[in-house]
Amino acid sequence: MDKKLIYIIDDSKTILKHAEGVLIGSYRVSLFERGQEALEQMRLEPPDLVLLDINMPQMDGYTVFKRMRDSSELKKIPVIFLTADTKQESEILGFEMGAMDYITKPFAPLIMQSRIARILELEDLRKHLEQLVEAKADEIQKIFIKSITTITYAVHAKDRYTKGHSVRVAQYCLAMAKKL
């Protein structure tokens with residue numbers, strides 16, 4: 001199985017290299033010093049998870065995160081804020097925006113690894129459940145159509161005067177819908 005791809009976005013080269021060293025054995029890692037550069041790359045190769053610093057020049061982490069959430073193809077990517085900002089208000093804002101976790105620097109490597117593993121596992125479960133729901137919705141729709149068809153044929157079998165009426169009405173409705 002392919003390794004999961006993690007983007008680390010931080011304006012500190014030291015933090016980037018340290019985080020990369022902690023994760024490189026278990027994951028594929030891409031490093032970015034600027035949020036805009038990471039956003040552009042995300043559209044080409046979406047990551048499985050993003051570690052995102054808050055305080056960065058040009059574009060802060062909150063702005064990067066908001067742009068991800070505003071993008072239909074990026075909005076479901078899980079984000080962990082990785083920051084030196086220890087203010088409770090910053091952490092609350094991150095969670096209110098939809099971040100999966102908030103890790104303060106300097107970070108403990110084993111704790112960071114376990115939090116990332118947990119979030120990636122939850123994301124895999126979410127995707128699996130989403131697929132199951134879609135499959136069940138399709139199945140329910142097919143059963144509904146079969147049920148209506150069966151009822152229609154039962155009505156036709158009971159009354160020879162209305163035989164075919166429902167089919168003709170359905171054909172007229174379909175023709176009007178196409179025209180509209």
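Colleague: How many salt bridges does the count come to?

Modeller: This is a predicted model: local features need pLDDT of at least 70, side-chain atom pairs count only at pLDDT 80 or more, and totals for chains, interfaces and linings use all residues. Side-chain values use heavy atoms, leaving out hydrogens and water, and residues are numbered from 1 along each chain as its sequence is written. A salt bridge needs a side-chain nitrogen of Lys or Arg within 4 Å of a carboxyl oxygen of Asp or Glu. By this rule, the count is 16.

Colleague: Asp10 and Lys105 tie parts together; how many residues apart in sequence are those parts?

Modeller: The two form a salt bridge, with their closest N and O atoms 2.6 Å apart. Asp10 sits in the loop between β1 (5-9) and α1 (13-23), and Lys105 in the loop between β5 (101-104) and α5, so the pair links parts whose separation in sequence is 95 residues. (Helices are DSSP runs of H or I, at least four residues, and strands runs of E, at least two, numbered from the N terminus.) So that's 95.

Colleague: Does Asp10 count as buried or exposed?

Modeller: Buried means under 20% relative accessible area, exposed over 50%, and partly exposed in between (1.4 Å probe, protein chains only). Asp10 has 1% relative accessibility, so call Asp10 buried.

Colleague: Which helix holds both Lys66 and Asp70?

Modeller: Their side chains meet in a salt bridge, 2.9 Å from N to O. Lys66 is partly exposed at 48%, and Asp70 is exposed at 57%. They're four residues apart, about one helical turn, and the helix (residues 61-70) is α3.

Colleague: What area does the nonpolar surface patch with Ile151 have?

Modeller: Patches take residues with over 30% relative accessible area and no salt bridge, joining like charges within 9 Å and nonpolar side chains (Val, Leu, Ile, Met, Phe, Trp, Tyr) within 5 Å. Ile151 lies in helix α5 (residues 109-158), and at 52% relative accessibility Ile151 counts as exposed. Along with Phe144, Ile145, Ile148 and Val155, Ile151 makes a patch of about 470 Å².

Colleague: What radius of gyration does the protein chain have?

Modeller: The C-alpha atoms fill a box of roughly 85 × 35 × 30 Å along the principal axes. The radius is taken over C-alpha atoms, and the globule rule is 2.2 Å times the number of residues to the power 0.38. A compact globule of 180 residues would come out near 16 Å, but this chain has 26 Å.

Definitions and conventions
Areas by Shrake-Rupley, 256 points an atom, 1.4 Å probe, with all protein chains shown as cover.
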